[in-house]
Amino acid sequence: MNVVDKIITLEQKESVRLDPDRLGGLCGQLGDANAVDVLCRTIEELALRLSNCDRFWRQRDWAGLRKCAKSLVAIADQAGMTALARVAGDVVNTVDAGDAVATGATLSRLIRVGERSLTAVWDQQDLSV
């Protein structure tokens, strides 16, 4: 038997949680048109910060990574992206613990959850570019 035959590919699927009450409350407060505008800007900001977190990781800029992940917690929580907020908080905790291996693993999870969360909000609001 060839060693290559024993390789198993793991597919990582992350579940996301959106708080529909938060998203609905936003529409109630701002009206549909303004809520869509705010959500579009929020999605853009979250995508930028996810990219910045990855950049800070690659540069080994722990203070920058911590600050960026901490800001993701606040923004995601405000937008009703509970899973994203929780995982971003986990990244902050691993940075605080000084555990580079755990930070790398948790950051990878943050990026996966972030991408799925952004897609879920986009799909839920039926937004288009």
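Biologist: Which residues are buried in helix 3?
Modeller: The model is a predicted one. Buried here means under 20% relative accessible area. In helix 3 the residues that are buried are G64, L65, C68, A69, S71, L72, I75 and A76.

Biologist: Which exposed residues does the face turned away from the buried side of helix 3 carry?
Modeller: To count as exposed, a residue needs over 50% relative accessible area. On the face of helix 3 turned away from its buried side, the exposed residues are A63, K67 and Q78.

Biologist: How far does helix 3 reach from its first C-alpha to its last?
Modeller: Helix 3 runs over residues 62–78, which makes 17 residues. At 1.5 Å a residue, 24 Å is expected. The reach in the model is close to that, at 24 Å.

Biologist: Which residue just after helix 3 takes a positive phi?
Modeller: The phi in question is about 85°. The residue that takes it, just after helix 3, is G80.

Biologist: Where is R60, the residue other than glycine with a positive phi?
Modeller: Phi of R60 is near 60°. R60 has a relative accessible area of 45%, so it is partly exposed. Its place is the loop between helix 2 (32–59) and helix 3.

Biologist: Is T103 buried or exposed?
Modeller: T103 belongs to helix 5, residues 100–124. Its relative accessible area is 1%, and the cut-off for a buried residue is under 20%. T103 is therefore buried.

Biologist: With which side chain does the side chain of T103 make a polar contact?
Modeller: Leaving aside residues up to four places away in sequence, T103 touches W57, W62, L65, T94 and V95. L65 is also one of the buried residues of helix 3. The polar contact, at 3.0 Å, is with the side chain of T94.

Biologist: Which element gives the most to the lining of the largest pocket?
Modeller: The largest pocket holds about 160 Å³ of space, and its lining consists of R22, L26, V38, L39, T42, I75, Q78 and A79. Two or more of these residues come from each of helix 1 (20–30), helix 2 and helix 3. With three residues, the element that gives the most is helix 2.

Technical notes:
Residues numbered from 1 in each chain as written. Predicted model: local features only at pLDDT ≥ 70, side-chain atom pairs only at ≥ 80, totals over all residues. Heavy atoms only, no water. Helix = DSSP H or I, 4+ residues; strand = E, 2+ residues; numbered from the N terminus. Expected span 1.5 Å × (residues − 1). Buried < 20%, exposed > 50% of the residue type's maximum accessible area, 1.4 Å probe, protein only. Polar contact = N/O pair within 3.5 Å; in protein donor to acceptor, adjacent residues only side chain to side chain. Contact = heavy atoms within 4.5 Å. 1 Å grid on protein atoms, 1.4 Å probe; cavity = no way out; pocket = protein on both sides within 12 Å on 5 of 7 lines; lining within 4 Å. Points joined across faces, edges and corners; volume = space filled by probe spheres on them.
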